[in-house]
Amino acid sequence: MASHGNKTTLEVIPRDNAKIKKIWKTALILLILTSIEFVFAFTLDRGILLYLIFIGLTIWKAKYIMMEFMHLGEEAKPLFYSIIVPLIFLVWLVIALMREGADILLLRW
């Protein structure tokens, strides 16, 4: 049997300050968007405007997370659009189904 030499040395990779700075920037942007949502939740009256703001900010945060953490920002644009466009249609579908469900509920009662 062949003897494989085991490496017992540990190689330490130096810190990449650019990557660390990018992570903190991403965390700060997500914190700001979440803070905006928090402020709107307690200052605006419940209604369509508040819901539209929440949906918009949630989609914006989801897009940003996909761009940064899933590394879609460095990928080709068709791959990015193949994910974002179905997401937009999915959101539209949920809104349409909720609207239709509410109309059916009102008709039955």
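A surface patch, as the term is used here, is made of residues with over 30% relative accessible area and no salt bridge, with nonpolar side chains joined within 5 Å. In this predicted model, one such nonpolar patch is formed by Y81, V85, F89, L90, W92, L93, V94, L97 and M98. Together these residues have about 950 Å² of accessible area.

Turning to charged pairs, the count of salt bridges comes to 3. One of them joins K22 and E68, whose closest N and O atoms are 3.7 Å apart. This pair links distant parts of the chain, with K22 in helix α1 (residues 17–43) and E68 in helix α2 (residues 48–69), 46 residues apart. K22 is partly exposed, as its relative accessibility is 40%.

Another salt bridge pairs K61 with E37, and here the closest N and O atoms lie 3.2 Å apart. Helix α2 contributes K61 and helix α1 contributes E37, so this pair, too, links distant parts of the chain, at 24 residues apart. Both partners, K61 and E37, are buried.

R99 counts as exposed at 58% relative accessibility, whereas D103, at 33%, counts as partly exposed.

Technical notes: Residues numbered from 1 in each chain as written. Predicted model: local features only at pLDDT ≥ 70, side-chain atom pairs only at ≥ 80, totals over all residues. Heavy atoms only, no water. Patch = residues over 30% accessible without salt bridge, like charges linked within 9 Å, V, L, I, M, F, W, Y side chains within 5 Å. Areas by Shrake-Rupley, 256 points an atom, 1.4 Å probe, with all protein chains shown as cover. Salt bridge = Lys/Arg side-chain N within 4 Å of Asp/Glu carboxyl O. Helix = DSSP H or I, 4+ residues; strand = E, 2+ residues; numbered from the N terminus. Buried < 20%, exposed > 50% of the residue type's maximum accessible area, 1.4 Å probe, protein only.
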